[in-house]
Amino acid sequence: MDRSRRPEAQRRTLTVLVMSQILSGAGLAAGVTVGALLAQDMLGSTGLAGLPSALFTAGSALAAVAVGRVSQARGRRPGLTAGYLTGAVGSAGVVAAAVADNPVLLFAALFVYGAGTATNLQARYAGADLAAPGHQARAVSTVLVATTLGGLTGPNLAAPTGALAGHLGIPALAGPFLLSGAAYALAALVLAVRLRPDPLLLARTLAEAKDAEAGTGVEPDAVGTSYGRGGVVLGALVMVLTQLVMVAVMTMTPVHMREHGHGTAASGLVIAVHIGAMYLPSPLTGWLVDRHGPLRIAAASGITLLASGVLAGLAPGDSVGLLALALALLGLGWNLGLVSGTAIITGAVPLATRARTQGLVDVSIALAGATGGMTSGIMVAATGYPVLALTCGALALALLPAVAASAYRR
């Protein structure tokens, strides 16, 4: 393909990714809303209510490796398509486990369901493959913000899909996973049919052609940005910490609300606000990262997450408004960390190994989420939700010295 058509290919890529992200956002958000509640009902224990989040984030770690390797070898289209199809299979397994009242099957299905989460995140990298220099963060943010519509819709469909499930003889809390399965399957179909040309394969072809014309004999995009090899470590650290804090607080908020007399509709509203804040600010975040650099935005992420933890920890349990605000700050802090961390990673690794490295970084992110999900329930059972929120806010401050050290080395 002529390099002059690269902008056209990038516009097409972003359009297709936006379509798939709207669908996958609904699938992701629906499961997040009721996963902990479903486990709590089946197990009869608050201490294990964080296990679903831990399981599907652990599953997403394995899926991140697989999606990254497939994308590296064959392109973004087959990698992302396979990931979403796996998430759809996991969703169906959760429904089957709820019908059979089988916790072992539930845990296995949640692990498989995590592939949808991993793929949803991996799609952001595809948006940057063909982006012009200085516009990569904005391309990433365009993909992320597309998740907003589905992310806002999914939690608010928890009650209607629960009612539908009841009519079908399925436990009400499994209803949102019916939506998840359909949404992930449709996202896979959109990518399989429409993501042509493949952005990663085209980016490699164009880079090789440019190098051949230049006659330098140097591998295109062989080095990263001024962050160097340390950029991978820094970018991973930013995203790992923000993911751990976000998952821990988000997972236990619906449980905390139910203990204070709130129903599924109220929990769905708070989670919808949270997920909206995770993705809706993405265009502004991308612009800020491209204009002011990712280090400053990463530092802002740590400060925002601290504010979220303090507010969630001090808010009365019967105040839906304050909890919604705390979860909005939680989502915003995560967004700032994800976009800035992604920009650092994307600029620090060459095209030849980019997808594989991105997959491995997302493994660390998924494992951080699994840790946050698993420990959150145990910590709430032992000390209470306020202590969890305040501890997570303090932990987010670790981003500041890491960013300061990187800025000093530059």
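**Close-up views of a predicted model**

Tyr-279 and Trp-334 are both buried (under 20% relative accessible area, with a 1.4 Å probe and protein chains only). This is a predicted model, in which local features need pLDDT of at least 70 and side-chain atom pairs count only at pLDDT 80 or more, while totals for chains, interfaces and linings use all residues. Residues are numbered from 1 along each chain as its sequence is written, and side-chain values use heavy atoms, leaving out hydrogens and water.

**View 1. The aromatic pair of Tyr-113 and Phe-177.** Tyr-113 belongs to helix α4 and Phe-177 to helix α7 (residues 175-194), so the pair ties together parts 64 residues apart in sequence. Helices here are DSSP runs of H or I with at least four residues, numbered from the N terminus.

**View 2. The aromatic pair of Tyr-279 and Trp-334.** With ring centres 5.4 Å apart and planes at 75°, this pair is edge-to-face. Tyr-279 in helix α10 (residues 264-279) and Trp-334 in helix α13 (residues 320-348) are 55 residues apart, and their pair links distant parts of the chain.

**View 3. The buried residues of helix α15.** Tyr-385, Leu-388, Ala-389, Cys-392, Gly-393 and Ala-396 are buried. These residues cover an arc of only 130° around the axis (taken from the directions from the helix axis to the C-beta atoms), which puts them on the same side of α15.

Definitions and conventions. Buried < 20%, exposed > 50% of the residue type's maximum accessible area, 1.4 Å probe, protein only. Helix = DSSP H or I, 4+ residues; strand = E, 2+ residues; numbered from the N terminus. Phe/Tyr/Trp six-rings, centres within 6.5 Å; stacked < 30°, edge-to-face > 60°.
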